[in-house]
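Keep the structure open as you read.

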Amino acid sequence: MSDQAPEASDEDYMQEDRDIEEAEPQLDDQYGNDPVGFWEEKQRDLVSSAVDYNLFSLSGLVRSKKIDLSPKYQRRNRWTDKRKSQLIESFLMNVPVPPIFLNEDEYGRYSVIDGKQRLTAINDFLVGRLRLTGLEVFAELNGNVIDELPGTLQTILETRAAIRAIIILRQSDPDVKYQVFQRLNTGGIRLNPQEIRNSAWPGALNEMILAESASSLFHQALRVGDKHKSALYKEMRDAEFVLRYLTFKDDWETFKGGMGRRLDEFMAKNHAMPPADVEKLRVSFRQAVEKSVAAFGEYAYRRWMPEKAQWRKPVLASAFDAEIFGVQDFEVSKLAQKQAELTAGIKKLFDHPDFRVAIDSATNTPSYFRDRIRLVRDMTATIVN
């Protein structure tokens, strides 16, 4: 059986106009073949609580900001008014609705782990911002806001309808929160690993990652236009790219094990890093982006297609790894002087079978991760030195 994965078609690449080549399942397959289970490494306490809230009480917690609906790790607002309305109709029909999951911080405040869309829909309707649309069972209610419903239905929705909240309490060991969130992340639009990481390990490091991920410098390199239409932004892949750089910048040559676990461990270990050290990492990341852009210009982090003699527009995550680490040991000025030759060198690599395997096959496998970086580094050294 060939090691090389079958290449996706153009139609697959452009699914939903994504500005990143890999689909979500590919990007989230980060644990490789690491057989060591988290619970075998350490057993820690998890403290949780389950509370059934009626919708009026839940909306009150949102309005009073006791539940943060917009923590920085939550970027996706994907529900249309029709889908929000259908949730309200489910409550009227007494259809069971999956629970929401909340994280309690050290000050007793809640933020949403999973269920932001449901909470937003509930609050939007109860405060009069949502006009029902697309209902089928209660079609006669289409076009109404809550104050225009019959009084009995208003009462049912505000006081009888309820949703369960699973709260991960602040007493829980912080080192297990990411894995707990991942296991509890079952309802609605699933959070991906980076979104859960940002929930589990807030702090100065996380704030910096989020700031740098959406900076003009990095978004220009990624060619993110309207961020609200960008899969890179909505799925927090830009933030994950920053974390990948920070995690592996000093030891990518010796990396073994599961990539996802290494990202988790880096956040768990460093989320409370002193501000001065965070700033050093910020500077290092910015310099790395500047170097890769100096080397490859507008084609940084993109795929060259030899068979079509053209560049693909979407970002390729595996090319990001290869290039940002592959040029980090060289000076910006020298890279910029040789940009044309370096870009030609990348084109040749995309015609090299070893590079193509390392770029396209099980790309989070440590050996392929190291191989593609070494190939770019060696090519760069040949041209720049």
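Five strands form an open sheet in the order β1-β5-β3-β4-β2, with mixed pairing. Strands pair if DSSP finds at least two bridges between them; helices (H or I, at least four residues) and strands (E, at least two) are DSSP runs, numbered from the N terminus. At the edges stand β1 (48-54) and β2 (67-68), each with a single partner strand, so one side of each has no neighbour in the sheet.

This is a predicted model, where local features need pLDDT of at least 70 and side-chain atom pairs count only at pLDDT 80 or more, while totals for chains, interfaces and linings use all residues. Residues are numbered from 1 along each chain as its sequence is written, and side-chain values use heavy atoms, leaving out hydrogens and water.

| Strands | Bridges | Facing residues |
|---|---|---|
| β3 (residues 100-104) and β4 (residues 110-114) | four bridges | Phe-101 and Asp-114 |
| β6 (residues 302-305) and β7 (residues 310-315) | three bridges | Met-305 and Gln-310 |

In the hairpin of β6 and β7, four residues lie between the strands, and Ala-309 has a positive phi near 55°.

Now for the helices. The axes of α15 (residues 275-296) and α18 (residues 339-349) come within 6 Å and cross at roughly 85°. Axes are lines fitted to C-alpha atoms, for helices over the stretch in contact, with angles from 0 to 180 degrees between N-to-C directions. Therefore α15 is roughly perpendicular to α18 (65 to 115 degrees). Contact (heavy atoms within 4.5 Å) involves residues including Val-293 and Phe-296 of α15 and Leu-342 and Ile-346 of α18.

Terms used: Parallel < 35°, antiparallel > 145°, perpendicular 65-115°, else oblique.
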